[in-house]
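Colleague: I am new to this structure and would like to understand the words used for it. Could you take me through them, one at a time?

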Amino acid sequence: MGIRGARTAIKLATFRTMMAGAALSGDPAAKLLGRRQPADPFPLYEQIREHGDVYRSKLGIFCTVSHAQCRAVLKDPRFGMPVPPSPPAWEMRQGDADTLIHPIERSLLAVNPPEHTRLRRLVAPWFTASALRTRAARVEKIVHSHLDRVSGGQDFDLVRDFTAQVPTAVIGDMLGIEIENYERFGRWGMALATTIDGVRTMGERRMVRSVLAEMTSFFTQLIEENRRAPRDNAISGLVGAEVDGRPVTDEELIGLIGLLLAAGLETTVNLISNSVRFLLVHPEQKKLFLDNPDTAPDVVEEALRYDPPAMFTVRMALEDVELDGWQIPRGGWLVQLLGGANRDPKVFTDPHRFDVTRGNIREHIAFSAGAHHCVGSGLARLEAEIALRELFARFPDMRIAGDVTMRTARSARGPQSIPISVA
């Protein structure tokens, strides 16, 4: 393992011990941010809310479930993205961080303006309103093709057979990935998404290192192929692109591609899965939707508010900041608990009720806010809306036919399995 690897292992073990101790003491933040997400995090959010707009955890970090506070911090230039550790927690061999590209640590998600602004400008054209209108027909085709595979009166698993397949195919189509690579493409995305908020165990460390080695090699080759023979896809469009007089490097391009996987794939899978699940367990809301399928956008927005696919995000104070009576020192962390903020009773009436007719349905912050507002949010919404309309048009009487299994990732939240009966 080497000296650096041993030190990383010790740090991970120390962190787990500290987290477990804080959780056993009753600290709700430690329970939320531990190795596995609680089956029902919402009571813990309410415990934190009882302490006011800002709560100081025994872990030494600050948390907030206040909608106003979360939105303000996400837009506040005094806060930025935390600096990734050096060496990274996933490094197994000295120099890994120089040769393997981690899409979270080496992309726009992990940097602050002005570098964030430059990288965002590179990918923004993929997600403009006009680009999404052009892509809508391709998304519909992909949705129909996967619905055809589960048709025929047979029961199926919603996540495995449909909601996990559609976003993988949409991103693969956008990037010009051959269909035979979709399986490992999706596997990489789901694997990295489970550690998007950090590596906490040696098993995760080995898994991340392995995935990054495969992914870096694959995308390096793919970029070179697109450079030699340009195609009609986003990668060819970015090879050789310039922003602010600087060309995009291969390392930056690999990071941006990987970001679509790690931050975008599971988010969209969870969004589609949750949207369907909440309609199926709220029959009165399902009837409203079936009576008017054009309300699919409202269903998607309420699903985002009610149980967001990403439950929290973290910001670091770039200077000393006073917040709700607390002094957050430069370098201190503030965790925005989006799942709790989206159920803030100061903003949403009857916040624990799933209601697709909610008047302020779009005031949630499931896709963050400010400079780091999710650049792919429009595509995620588009996929979810089309998937909802077409799925229920094909199977209006479908029902959940067994236990729903939830993922255990810390930040990304959504079902791992939803057995569906169409009989």
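**Salt bridges and burial**

Modeller: Let us start with Asp307, which forms a salt bridge with Arg277, the closest N and O atoms being 3.8 Å apart. Asp307 sits in the loop between helix H15 (296–306) and strand E7 (313–317), while Arg277 belongs to helix H13, so this pair links distant parts of the chain, 30 residues apart. Please keep in mind that this is a predicted model, where local features need pLDDT of at least 70, side-chain atom pairs count only at pLDDT 80 or more, and totals for chains, interfaces and linings use all residues. Residues are numbered from 1 along each chain as its sequence is written, and side-chain values use heavy atoms, with hydrogens and water left out.

Colleague: What makes the contact of Asp307 and Arg277 a salt bridge?

Modeller: The term asks for a side-chain nitrogen of Lys or Arg within 4 Å of a carboxyl oxygen of Asp or Glu. Here the closest N and O atoms are 3.8 Å apart, so the pair meets the cut-off of 4 Å. In general, side chains of opposite charge can pair when their charged atoms come close. The whole structure has 28 salt bridges.

Colleague: Why is the pair Glu266 and Arg407 said to tie together parts of the chain?

Modeller: Their side chains meet in a salt bridge at 3.9 Å, N to O. Glu266 lies in helix H13 (residues 250–281) and Arg407 in the loop between strand E12 (405–406) and strand E13 (415–417), so the parts that are tied together are 141 residues apart in sequence. Helices (H or I, at least four residues) and strands (E, at least two) are DSSP runs, numbered from the N terminus.

Colleague: Is Glu266 buried or exposed, and how do you know?

Modeller: Buried means under 20% relative accessible area, exposed over 50%, and partly exposed in between, with a 1.4 Å probe and protein chains only. Glu266 has 2%, so Glu266 is buried. Arg407, at 16%, counts as buried too.

Colleague: Why are E4 and E11 called edge strands?

Modeller: They belong to an open sheet of three strands in the order E4-E14-E11, with antiparallel pairing. Strand E4 (156–157) and strand E11 (399–400) each have a single partner strand, so one side of each is left without a neighbour in the sheet.

Colleague: How do you know that E4 and E14 pair?

Modeller: Two strands pair if DSSP finds at least two bridges between them. E4 and strand E14 (residues 419–421) have two bridges in the antiparallel sense, so they meet that requirement. Asp157 stands opposite Pro419 in E14.

Colleague: What makes the pairing in the five-strand sheet mixed?

Modeller: That open sheet has the order E1-E2-E10-E7-E3. Strand E2 (residues 62–64) and strand E10 (residues 333–336) pair in the parallel sense over three bridges, whereas E7 and E10 run antiparallel and are joined by four bridges. Val335 in E10 stands opposite Cys63 and is also the bridge partner of Val314.

**Core and helices**

Colleague: What is meant by a nonpolar core, and how many residues has the largest one?

Modeller: A nonpolar core is a set of buried Ala, Val, Leu, Ile, Met, Phe, Trp, Tyr and Cys residues joined through side-chain atoms within 4.5 Å. The largest one has 93 residues, and those with the most contacts inside it are Trp126, Leu175, Phe219 and Met398. H13 gives the largest share of this core, 16 residues. A second, separate core of 18 residues includes Leu32, Tyr55, Val65 and Phe312.

Colleague: Which residues are in contact with Val123?

Modeller: Contact means heavy atoms within 4.5 Å. Leaving aside neighbours within four places in sequence, Val123 is in contact with Leu108, Leu256 and Val375. Val123 lies in helix H6 (residues 115–123) and, at 3% relative accessibility, counts as buried.
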